[in-house]
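Please view the sequence and structure before reading on.

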Amino acid sequence: MAGGNVVFRIGEFAQIAQVSGRQLRFYDQLGLLQPAHTDPQTGYRYYSIAQLPRLNSILALKELGLSLDQIAPLLENEMSPSELRGMLTAKRAQLERALREEHARLRHIDSRIAQIDMYGNVEGYDVVPKSIPALPFLSLRRTCSGMDEAARMVQAVAESATHELLTGIRDKLIVVSRSESETDELDLEIGYSLTRPSSATVTITGDLVLRAGELPPVETMATIVRRGTNAESHAAFSAIGTWIEANNFEIAGPCREVFLEPVIGPPGFDTALVEIQFPVRPTA
């Protein structure tokens, strides 16, 4: 008999493999996993433990989203365990990303519900107007298709600058966000303020290079401090918007997000203190 000594009836093999007998009968009908032996008199199906790897391959390929019709030729070509493991590892990474995105979406929903409940209430947030001087700024400007791409770009800038800029000249990570465009793309300028003017450049990758420039001075900047780049951050934006309108100001330039604590290493992006800054002027 194929597959070594046959010792398991279908129910026993199903229990060992943690599948249903119905599944095994279905795979037998499709020719994916036929019993090692079928008793010609009783019709009982018998399976060998040597068939377990093939069954596991079928189940793993199903988890990858393949149909049973697609699985059959892969089994016939005798896919190696290393190939199957590589496919499963890639699928695992994809699912982990999807879970992180869904978790973030749930946090956003919870935060939006809380924001609806506290509409117009800015308690817990202190909006501070202040004057900001001109700042030497080493940065790049980039259009990102969404928040995920923007987060990756900010992370790349932070990592490269942390490694290549001396601590004595590197000051704070700043993200400048312009809202003039009517599209959903994010027009961002990402970089580090400097403790003194410099002609230094930092290459991120390819044509992505941080170049020296300057952030202009702002006479009146409405500012608010929040904790981290997390799902609750929009509540702080809402609070500063409420303050701007209540005090008869209007926005007079691009928003800045200034990271007051390190983002590479602790405390990191999710928990570092961030100051939101909006240039404002009195309404006419």
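A crossing is called left-handed if the near helix is turned anticlockwise from the far one by less than a right angle, and right-handed if clockwise. The model is predicted, so local features need pLDDT of at least 70, side-chain atom pairs count only at pLDDT 80 or more, and totals for chains, interfaces and linings use all residues. Residues are numbered from 1 along each chain as its sequence is written, and side-chain values use heavy atoms, with hydrogens and water left out.

**Helices α3 and α4**
- α3 passes α4 in a right-handed crossing.
- The axes of α3 (residues 52-63) and α4 (residues 68-76) come within 10 Å and cross at roughly 135°.
- The two helices are therefore oblique to each other; angles under 35 degrees count as roughly parallel, over 145 as roughly antiparallel, 65 to 115 as roughly perpendicular and the rest as oblique.
- Contact (heavy atoms within 4.5 Å) joins R54, S57, I58, L61 and K62 of α3 to L68, I71, L74, L75 and E76 of α4.
- By class, this contact has six nonpolar, one polar and three charged residues.

**E189**
- E189 belongs to strand β7 (residues 186-194) and is buried at 15% relative accessibility, where buried means under 20% relative accessible area, exposed over 50% and partly exposed in between (1.4 Å probe, protein chains only).
- Beyond residues up to four places away in sequence, E189 touches several residues, among them F137, S139, R141 and I174.

**I251**
- I251 lies in strand β11 (residues 249-251) and is partly exposed, with a relative accessible area of 45%.
- The C-alpha atoms of I251 and A222 are separated by 9.2 Å, at 29 residues apart along the chain.

Methods:
Axes are lines fitted to C-alpha atoms, for helices over the stretch in contact, and angles run from 0 to 180 degrees between N-to-C directions. Helices (H or I, at least four residues) and strands (E, at least two) are DSSP runs, numbered from the N terminus. Ala, Val, Leu, Ile, Met, Phe, Trp, Tyr, Cys and Pro count as nonpolar, Asp, Glu, Lys and Arg as charged, and the others, Gly among them, as polar.
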